[in-house]
Amino acid sequence: MTTETEQQGSRGGFSTKLGLVLAAAGSAIGLGNIWRFPTETGEYGGSAFLLVYLICILVFGLPLMIAEFTVGRAARSSTGNAYAILAPKTSWKFIGLASTLTAFLILGYYNVVAGWTLFYLGEAAAGSFVSMSSQTAADGSNVFAESFGAFVSNPWKPIVCLVLFMAFTHVVITAGVKKGIERFSKLMMPLLFIIMLFLCGCSFTMPGFRKGMEFLFAPDFDKIDAKVVRSALAQCFYSFSLAMGCICTYASYFRADANLAKTAVSVGAMDTLAAVLAGIVIFPAVFSVPGLEPDSGAKLVFIALPNVFDSALAGVPVLSWLVSCLFYLLLVIATVTSTVSLHEVITSYVSEHWGFSRTKSAWIVSILCVILGVICSLSMGPYLGDIKVAGMNIFDLFDFVTAQLMLPITGIFISIFVGWKMNRDTLMRELTSGGNCSGTAWLYKPLVFILRFIAPIIIAWIMIAAFLD
Ligand code: PHE
């Protein structure tokens with residue numbers, strides 16, 4: 001009888017199926033679920049948007065996730081080398097290299113935002129929001145906006161936070177795939193859902209609960225147009241961490257008998273559940289504070305929300321403190337499981353390509369990403385704030401180049417690779433896990449059809465339309 005480690009070669013990997021699902025879900029569940037999905041749902045037709053989003057997942061998100069799973073597990077290597085292994089001596093190797101470079105650049109600026117979540121957790125724990133709330137109420141100024149602006153442009157505070165956050169990520173990575181990533185995900189993902197459920201429970205008690213739920217779920221099919229479909233597709237692409245190499249690299253550690261289709265469905269379901277729960281946590285609170293409009297992105301999470309929990313639960317100070325702390329802890333957890341997955345993409349490539357130990361590779365990656373992060377962070381303050389490319393500071397430029405250009409282009413080539421180029425027997429073998437899951441063989445035809453003809457066109461449409469906007 002062969003052990004799992006023998007099946008996987010000497011690389012080792014996730015030891016349980018639950019571990020691999022939770023690790024992949026950890027990569028998928030991130031800031032996108034908490035600060036992007038709920039606002040889009042509310043603004044674009046509530047449960048009608050949710051229905052469109054679910055269809056996007058079925059015809060687009062899950063097939064692409066399965067495609068990346070098959071590449072990673074078939075190659076049993078980091079994304080950076082996977083395409084070179086499956087199609088030796090061809091230019092397809094550039095897909096792997098592009099994914100790895102994208103992961104590196106994204107980690108560089110995502111890390112900055114990750115540091116902010118840590119800082120806000122500290123502020124919540126120290127009770128700073130309470131005095132800011134009373135000042136805002138007293139003189140009508142938006143102290144939260146001012147203090148956020150002052151914090152992000154501060155030359156050292158965000159940098160200390162991003163270094164701390166990277167140190168945290170680094171420790172998980174150096175502990176290894178099984179003892180680090182898997183163990184950490186098994187601890188963090190249940191904790192994340194427990195916190196979310198607790199916060200949902202608190203939402204019920206808020207005065208704005210009904211209004212918040214109406215904003216989030218009331219179906220309005222009139223709002224659904226091409227632009228909304230496009231943004232649902234883009235959200236799905238980002239939320240599933242597609243084309244960043246994370247899904248493919250994690251799949252290289254999957255057990256040989258793991259059912260890839262089932263894993264993708266589990267990860268997609270958890271990711272969507274987390275996004276919907278985040279909406280249930282956020283909007284009842286937002287609608288409990290008169291005069292506040294639902295915002296999105298950093299503005300929602302770092303400017304509106306610190307005020308919201310305190311005001312919505314003003315009658316119960318201990319609860320408002322606890323809810324604020326738990327909410328920012330939730331953000332930290334969601335973010336760190338994502339940064340870990342990005343770090344792993346780069347570390348595993350550096351270690352394989354140059355033959356360095358895992359620890360040495362992780363150090364190289366951590367240091368380089370901190371340098372990138374420092375540059376991105378300083379670009380929001382007085383030191384590097386003047387450097388502008390096409391009207392964008394360095395931070396926004398990184399975001400634009402990776403999210404609008406590199407991710408979609410790589411995504412198109414990934415679906416073309418698996419749809420047209422990858423060895424058919426290898427694809428079938430991975431899809432059925434070497435015959436272990438022969439019940440999923442029927443997926444082969446629809447999967448290939450989608451990857452060949454639908455996914456590349458959809459991604460190109462999202463990219464071009466975003467440019468024209
Ligand atoms: N899927 C993540 C989210 O929803 C996006 C992400 C993953 C970003 C990994 C960076 C790294 O927020």
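Mentor: A crossing is left-handed if the near helix is turned anticlockwise from the far one by less than a right angle, and right-handed if clockwise. Helices (H or I, at least four residues) and strands (E, at least two) are DSSP runs, numbered from the N terminus. By that wording, α4 passes α20 in a left-handed crossing. As for the source, this is a predicted model, in which local features need pLDDT of at least 70 and side-chain atom pairs count only at pLDDT 80 or more, while totals for chains, interfaces and linings use all residues. Residues are numbered from 1 along each chain as its sequence is written, and side-chain values use heavy atoms, with hydrogens and water left out.

Trainee: Which residues of α4 and α20 meet?

Mentor: Contact means heavy atoms within 4.5 Å. V59, F60, P63, L64, I66 and A67 in α4 meet L447, I450, L451, A455, I458 and I459 in α20. The contact of α4 with α20 has 12 nonpolar, no polar and no charged residues. Here Ala, Val, Leu, Ile, Met, Phe, Trp, Tyr, Cys and Pro count as nonpolar, Asp, Glu, Lys and Arg as charged, and the others, Gly among them, as polar.

Trainee: Why is D310 called buried?

Mentor: Buried means under 20% relative accessible area, exposed over 50%, and partly exposed in between (1.4 Å probe, protein chains only). D310 has a relative accessible area of 13%, so D310 is buried. D310 is found in helix α15 (residues 297–312). Leaving aside neighbours within four places in sequence, D310 is in contact with F129, V130, S133 and S320.

Trainee: What makes S348 count as buried?

Mentor: S348 has 6% relative accessibility and therefore counts as buried. The place of S348 is in helix α16.

Trainee: What does the side chain of S348 reach at 2.7 Å?

Mentor: The backbone oxygen of E344 lies at that distance from the side chain of S348. A polar contact is a pair of N or O atoms within 3.5 Å; within protein, one must be able to donate a hydrogen and the other to accept it, and residues adjacent in sequence count only if both atoms are side-chain atoms. A polar atom of the S348 side chain also lies 3.2 Å from the backbone oxygen of V345.

Trainee: Where does a nitrogen atom of the ligand lie relative to S241?

Mentor: It is 3.0 Å from an N or O atom in the side chain of S241. A backbone N or O atom of S239 lies 2.9 Å from a nitrogen atom of the ligand, and for Y238 the corresponding value is 3.1 Å.
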